[in-house]
Amino acid sequence: MSHHIVEVKNLKHVYADGTIALKDLSFTIHHGESVAIIGANGAGKSTLLLHLNGYLAPTVGEVRIGGFPLTPETLPEIRRTVGMVFQDPDDQLFMPTVYEDVAFGPCNLGLPEEEVRQRVGEALEKVGAGHLAQKPPYHLSGGEKKRVAIATVLSMSPDILVMDEPTNGLDPFSRRQLIGLLKDFHHTRIFTSHDLDMVIELCERTIVLHQGEVKADGPTVAIFNNAQLLAECRLEKPLSMQGCPICGASRNRL
Amino acid sequence: MRSIDGAVLDLKRLDLLATGDSIIHRLDARAKVVTTLFFIIVVVSYKRYALAELTPFLFFPVITLALSNLPISYILKKIAAILPLAIFVGLFNPLFDRETQVLLGPISISGGWISLVSIMGRSALTVGSAIILIATTGFISICHALNRLGIPRVFTVQLLFLYRYIFVLTEEAACTTRARELRSCGKKGLGFSSFGPLIGHLLIRTWARAERIHMAMVVRGFSGEFHSRQINRFGGKEYLYVIGWSLVFIILRTEDITAILGAAFTGFFS
């Protein structure tokens with residue numbers, strides 16, 4: 001199943017205005033892993049994500065998905081393999097109805113209509129949004145939009161799911177619902193987030209970016225227990241690992 | 001003046017009405033689009049003093065409204081909202097056109113007044129039928145119908161994107177203007193000079209959003225071709241609707257039904 005491997009080798013990216021967003025990144029993510037990419041604002045997380053499906057091309061270095069380098073020939077297949085969910089679902093839901101939006105990817109893959117219908121149905125059921133199929137996106141709530149945005153990607157049967165700030169802007173219930181949903185996925189998953197409590201729940205491995213470089217890469221719990229590292233990277237321990245703010249008792253959970 | 005938020009909510013309401021279920025809702029969008037277009041052309045084709053001839057045309061909006069279970073007061077309000085515009089168009093007719101056209105006993109009515117009322121009547125009929133079309137079909141289905149009636153895809157896709165993002169953009173515009181108003185403490189703020197940067201800022205945000213949307217499309221395999229579902233259900237009902245109404249409109253336009261009815265009526269009683 002080499003299909004699900006993401007390899008980033010010596011990746012450097014310089015924007016047209018001369019901003020160096022990524023300096024020299026290298027890591028490998030294996031099949032079925034759930035990995036968080038965390039870091040302060042401007043650390044390079046979003047730039048990195050845009051390299052994973054070939055929207056941005058490296059200035060130096062290489063990105064390989066499932067053993068294939070990103071080239072114009074492999075791009076269509078890689079874009080199917082890597083499902084990308086953006087931070088703002090309004091950017092992702094551009095078709096008139098939820099159904100058409102979820103069908104957009106499969107239609108572009110050139111699938112026959114019957115299969116498209118089946119895939120859309122399955123993807124919407126999976127995220128619990130089957131009843132929203134005929135609704136226009138602007139009639140959905142924030143949580144519904146997010147789940148539908150995930151369905152638009154699932155309908156392309158990706159092997160790797162990449163999500164930018166999945167829990168951003170969701171109320172506690174929707175957030176909990178989304179975390180439950182993402183836990184059930186067996187894809188290779190890559191998240192960027194500032195919601196560090198979500199990271200603890202979903203990711204066994206964490207990569208910390210700092211000023212365009214990999215500052216740390218290892219088990220999530222070990223990284224969150226390294227106070228010095230977190231402080232250097234403008235991060236802090238997730239609330240669920242901190243003591244009670246009133247009595248000071250710790251939960252000793254981890 | 002109404003707020004931007006209010007206008008958007010109103011648009012959403014019109015859109016929600018289209019999700020209803022009735023004989024009219026269930027008809028194929030193309031049938032409704034063609035019939036409404038034909039209705040508008042026929043109504044507009046009358047001469048300026050036409051008034052009595054227009055009254056039978058009320059049947060079309062009244063019957064479709066009755067069959068479609070739409071909230072009548074809401075639709076009437078929508079029509080009333082555009083009437084000031086129609087009055088404005090014909091405002092000077094009574095001043096310039098003083099020639100007497102009709103004598104009602106001692107009262108003489110000038111051509112100007114008749115043409116003003118005729119303009120209002122025609123506006124109410126055409127706008128009313130267009131509003132009923134949108135409220136029973138939905139903007140999106142109308143776009144798809146236009147597309148399948150031969151309007152180039154480039155235009156209909158533009159319209160669809162416009163409609164999709166009008167909600168997002170107005171929300172952003174509303175937020176920005178609200179922020180400006182709150183900080184101008186009930187005064188004028190910086191007046192017009194603050195609107196330049198405000199609009200510029202909105203434009204840049206729109207641009208950035210357009211890029212993000214394009215990115216979202218590209219990563220899902222978009223290569224310039226739009227695929228959409230083709231639902232073909234133009235059957236007997238649709239033919240009946242289009243041909244039936246078209247015949248009614250043609251007869252109303254070519255024969256003076258009101259005069260015939262009037263003559264029959266007076267003949268009956270004399």
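Let me begin inside chain B, where helix α4(B) passes helix α7(B) in a left-handed crossing. Please keep in mind throughout that what we are looking at is a predicted model.

To place these two helices, α4 of chain B covers residues 59–67 and α7 of chain B covers residues 111–137, and their axes come within 9 Å of each other and cross at roughly 25°. An angle under 35 degrees counts as roughly parallel, and α4(B) and α7(B) are therefore described as roughly parallel to each other. If you look for the residues that bring them into contact, you will find Phe60(B), Pro61(B), Thr64(B) and Leu65(B) on α4(B), and these meet Leu125(B), Gly128(B), Ser129(B) and Ile132(B) on α7(B). Sorted by class, the residues of this contact are five nonpolar and three polar, with no charged residue among them.

Now let us stay in chain B and turn to a second pair, helix α8, which runs over residues 139–148, and helix α9, which runs over residues 153–183. Their axes also come within 9 Å, but here the crossing angle is roughly 175°, and that makes α8(B) roughly antiparallel to α9(B). On the α8(B) side the contact is made by Phe139(B), Ile140(B), Cys143(B), Leu146(B) and Asn147(B), while α9(B) brings Arg153(B), Thr156(B), Leu159(B), Leu160(B) and Tyr163(B). In this contact of α8(B) with α9(B) there are seven nonpolar residues, two polar ones and one charged one.

Let me move on to chain A, which has ten helices and ten strands. Its radius of gyration is 19 Å, close to the 18 Å that the globule rule gives for 254 residues, so chain A is as compact as a globular protein of that length. Along its principal axes, the C-alpha trace of chain A spans about 55 × 45 × 35 Å. Buried residues make up 47% of the 254 residues in this chain, and, of the contacts in chain A with a separation of 6 or more, 65% are between residues 24 or more positions apart.

Finally, how many residues does each chain bring to the contact between them? Chain A gives 23 residues and chain B gives 20 residues. On the side of chain A that touches chain B, the elements giving two or more residues are α2 (75–81), α3 (89–92) and α4 (98–108) of chain A, and α4(A) gives the most, with five residues. By class, that side of chain A holds twelve nonpolar, six polar and five charged residues.

Conventions
Residues numbered from 1 in each chain as written. Chains lettered and ligands numbered in written order. Predicted model: local features only at pLDDT ≥ 70, side-chain atom pairs only at ≥ 80, totals over all residues. Helix = DSSP H or I, 4+ residues; strand = E, 2+ residues; numbered from the N terminus. Rg over C-alpha atoms; globule rule 2.2 N^0.38 Å. Buried ≥ 20, exposed ≤ 12 C-beta atoms within 10 Å, placed from the backbone. Contact = placed C-beta atoms within 7 Å. Axes fitted to C-alpha atoms, helices over the stretch in contact; angles between N-to-C directions. Parallel < 35°, antiparallel > 145°, perpendicular 65-115°, else oblique. Left-handed = near helix turned anticlockwise from the far one by under 90°. Nonpolar A, V, L, I, M, F, W, Y, C, P; charged D, E, K, R; others polar.
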